[in-house]
Structure formats: C-alpha cells, structure tokens
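Open the structure in your viewer and keep the selection panel at hand. We will go from one selection to the next.

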Amino acid sequence: MKRIVMLASGRGSNFQAVASAIARGMINGRCVGLIVDRRETLAAVRAEEFGIPVFTIDYSGFSTKGEYEEEVISTLRSLAPDLVVLAGYMKILGSSIIREYAGRIINIHPSLLPSFPGLDAQGQALAYGVKISGCTVHFVDEGTDSGPVILQRAVPVLDDDDPGSLAERILLEEHIALPEAVSLFCEDYLRILGRAVIRLDSDLHKERFRSA
Ligand code: GRF
C-alpha cells in the first residue's frame, strides 16, 4: 500500500475527493499527511475529519522561500511518501524537492494543458474564447504546469460563463480525475515515456472511476 502525502493551500475539495476515495477502498494507498502552507485552511479541517495528520508550514513565518522549502522537504522526508499530490497547492515547488521526488509528484490543474498554465486558468480560457476546457492531472517537472500528462477531462464552455461558473463545472471533473490518477499511480499502472504517460490499467479499473 503506497504512502501518500498531499499538499493544499485552501478549500481542499480535491484533497477531500482523494481522501474519500481512499476511505471507500478505491485507492491502494493511505494518506499519511496533509501539508498546508498557511493557517486555518478548510483543507486542514477536512483532514482532521478523516483523522489525517496536518502539518502547517506557514509560508509567512519564513524570511526566505529557501527556508520555507527546507521545512517542506524535511517534513516530506519524515513522512517518507511514495507519492506527493499537489491538490490546490498554490506555491511553485523548488527544484530540489522536484528532483528528490521526480516521477512521484502529481498536480491537478483546471485547464486542458498545455493551454492556460499558471494562475486563473479559467479566466484565461474565457478571455481566449475556447469552447472546451477541463482539467489535467500531470506529473510535476521543473516548469509551470508543464510535466507529462496523466489524464484529462473536458467540459463545455458556455456563452454565459464567468470564471466562477466555469471553475465549478471543471471542479466536478477534477474530483473524478484526481482520485483516478492517484489510484493509477498506487497500482503501479503508470509509465512515463518521454512526454507521454502510458496507462496499463484494465477495463475493470477504469469502470471503478467511471461509475464513482
Ligand atoms: C482547483 O481548481 C485546482 O485545480 C486548482 O486550485 C483549485 C483548488 O481547489 N489548482 P480545492 O482547494 O481542491 O477545492
């Protein structure tokens, strides 16, 4: 069973989607900790409800990004994760963390990458005028939202959407995509081949998430 550590910055609905899937036995892993980068996040409240230990590493308490990162890395080392999941974590991870956990960090982003990386992906999609957007789960590399894509789910963009309504529609798909990707990783079903991620799961495994 894989050891999963999650990082979040706020509301934590993606954290909750993964924690619920674990609780329902859909993921061959357990969440050994949630790291949050500020105090009083809803993510931390949700973790406590699941009995998952919360590690608050308050970004504002450090004078440099380097010192903050050192604390994150030593917390990660103490938790010995097989998989690190960025679930609405709003900081860019430093290269030392990314190198140490290469191929073992995944992120969820609210657009169909490589379109609209970075902040306000939904606003960027509306400003561009695309008719389809969605979410992407990907391995993290040293760029911004640029690592190999594990899976994506699409939604229509409607004429009367604003960033909030589009974000809500995409979020429903995030809550399916992220647990599915975590499960694929935990079953050792993912292989990274250059930019491509090959999935080796069965129809039975796919069905588990389609009907979730
Ligand atoms: C999600 O849309 C995620 O894709 C983005 O930030 C949002 C976090 O939502 N990176 P939540 O905290 O998981 O509810």
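This is a predicted model: local features need pLDDT of at least 70, side-chain atom pairs count only at pLDDT 80 or more; totals for chains, interfaces and linings use all residues.

Residues are numbered from 1 along each chain as its sequence is written, and side-chain values use heavy atoms, with hydrogens and water left out.

**Stop 1: the ligand shell.** Arg11, Gly12, Ser13, Asn14, Gly88, Ile108, Pro110 and Glu174 surround the ligand. This shell holds two nonpolar, four polar and two charged residues. Here Ala, Val, Leu, Ile, Met, Phe, Trp, Tyr, Cys and Pro count as nonpolar, Asp, Glu, Lys and Arg as charged, and the others, Gly among them, as polar.

**Stop 2: polar contacts.** Show pairs of N or O atoms within 3.5 Å. A polar side-chain atom of Arg11 is 2.6 Å from a ligand oxygen. Ser13 also places a polar side-chain atom 2.5 Å from an oxygen of the ligand. Gly12 uses a backbone N or O atom, 2.8 Å from a ligand oxygen. Alone, the ligand exposes 370 Å², and the protein buries 87% of that (Shrake-Rupley method, 1.4 Å probe).

Stop 3: Where does the ligand sit? It takes the space of the largest pocket, with more than half of its atoms within 2 Å of the grid points. A pocket is an open set of points on a 1 Å grid over the protein atoms alone, where a 1.4 Å probe fits, with protein on both sides within 12 Å along at least five of seven lines; lining residues have an atom within 4 Å of a point. The largest pocket has about 820 Å³ of space, the volume filled by probe spheres set on the points. Its lining has 38 residues, and Gly88, Tyr89, Met90, Ile108 and Pro110 are the closest to its centre. Colour the lining by class: 16 nonpolar, 15 polar and seven charged.

**Stop 4: the lining elements.** Select H1 (13–23), E5 (105–109), H5 (121–128) and H6 (163–186), each of which supplies at least two lining residues. H6 gives the largest share, four residues. Helices (H or I, at least four residues) and strands (E, at least two) are DSSP runs, numbered from the N terminus.

**Stop 5: the loop between E5 and H5.** Pro114 is in this loop. The Leu113 to Pro114 peptide bond is cis, with omega near 15°. Phe116 is in the loop between E5 and H5 too. Phe116 is not a glycine, yet has a positive phi of about 60°.

Note on methods: A residue is near a molecule or strand if one of its heavy atoms lies within 4 Å of it. A polar contact is a pair of N or O atoms within 3.5 Å; within protein, one must be able to donate a hydrogen and the other to accept it, and residues adjacent in sequence count only if both atoms are side-chain atoms.
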